[in-house]
Amino acid sequence: MSQNFLTALQNKGKLSQSDLKKVERMQKTAVAESLPAMLIKLGLCSELDIALAFVESGGFSKITPEHYPLEKMLPDEISLRFLKHYHLIGLSADENSFTVSMLDPEDEFVLDALRLATGKIIVPQVGVLSEIDAAIATQYEQGQAKIESAGNFLSLIGSGLNLTDETSA
């Protein structure tokens with residue numbers, strides 16, 4: 001975690017030194033939770049405070065809801081569980097790179113995992129947690145709805161239901 005990120009929060013009066021110490025102690029027992037996620041979960045900082053601190057401290061672009069695509073941009077090898085856990089979503093792709101929106105665009109573990117899984121350059125941007133999670137739901141529910149629709153159609157065929165007009169026979 002970048003000291004610049006924490007300094008940005010503290011300079012804006014969004015995080016006191018005592019709150020930071022408390023979260024750092026708690027984080028030692030909740031290893032799987034990132035510091036930005038814990039700050040939000042504990043109500044110490046808003047989702048927007050976190051995103052704006054990354055914009056200020058790291059020069060990341062803040063992604064707004066209209067920039068989230070409706071279709072998945074990341075390959076299927078990147079699991080839905082991974083996306084939900086680390087609050088990240090694909091924004092765009094080309095032959096050399098993927099641009100992603102993340103709650104914590106400085107999380108080197110996540111960036112390295114994406115690089116290894118895709119073999120491409122990862123360009124991180126920052127998003128607001130609830131907007132990222134909503135975009136994940138939109139992208140993956142659409143895909144799930146298509147799968148369920150196809151499954152329903154196949155089960156109708158499998159049940160012997162005649163889909164042709166019987167009056168013409």
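Helix α6 (residues 108–118) lies across β1, β2 and β3 and runs at about 140° to β3. That angle is taken between N-to-C directions on a 0 to 180 degrees scale, with axes as lines fitted to C-alpha atoms, for helices over the stretch in contact. This is a predicted model, where local features need pLDDT of at least 70 and side-chain atom pairs count only at pLDDT 80 or more, while totals for chains, interfaces and linings use all residues. Numbering starts from 1 along each chain as its sequence is written, and side-chain values use heavy atoms, with hydrogens and water left out.

**Overall layout**

- The chain has 7 helices and 3 strands; helices (H or I, at least four residues) and strands (E, at least two) are DSSP runs, numbered from the N terminus.
- Reading from the N terminus, the elements go α-α-α-α-α-β-β-α-β-α.
- Of the chain's 169 residues, 37% count as buried, meaning under 20% relative accessible area with a 1.4 Å probe and protein chains only (exposed is over 50%, partly exposed in between).
- Among contacts (heavy atoms within 4.5 Å) with a separation of 6 or more, 61% come from residues 24 or more positions apart.

**The sheet**

- The 3 strands make an open sheet in the order β1-β2-β3, with mixed pairing; two strands pair if DSSP finds at least two bridges between them.
- β1 (88–93) and β3 (121–126) are the edge strands, each pairing on one side only.
- From one strand to the next, the twist averages 30°.
- β1 runs antiparallel to β2 (residues 97–102), with 5 bridges between them, and a hairpin of 3 residues links the two.
- Across that pair, Ser92 sits opposite Thr99 in β2, and Gly90 has Val100 of β2 as its bridge partner.

**Cores**

- The largest nonpolar core holds 23 residues, and Phe5, Leu9, Leu15, Leu39 and Ile50 have the most contacts inside it.
- To count as a nonpolar core, buried Ala, Val, Leu, Ile, Met, Phe, Trp, Tyr and Cys residues must be joined through side-chain atoms within 4.5 Å.
- At least two residues of this core come from each of α1 (3–11), α2 (17–29), α3 (35–41) and α4 (47–58), with α3 giving the most, 5 residues.
- Another core lies apart from this one; it has 20 residues, among them Ile63, Tyr68, Ala135 and Ile136.
- Leaving aside neighbours within four places in sequence, Phe5 is in contact with Pro36, Leu39, Ile50, Ala53, Phe54, Ser57 and Glu106.

**Asp49**

- Asp49 is part of helix α4, and it counts as buried because its relative accessibility is 19%.
- Not counting residues up to four places away in sequence, Asp49 touches Leu9 and Lys14.

**The largest pocket**

- The largest pocket has a volume of about 220 Å³, which is the space filled by probe spheres set on grid points joined across faces, edges and corners.
- A pocket here is an open set of points on a 1 Å grid over the protein atoms alone, where a 1.4 Å probe fits, with protein on both sides within 12 Å along at least five of seven lines; lining residues have an atom within 4 Å of a point.
- Its lining has 15 residues, and Ala32, Glu33, Ser34, His85 and Tyr86 are the closest to its centre.
- α5 (80–86) and α6 are the elements that give two or more residues to this lining.
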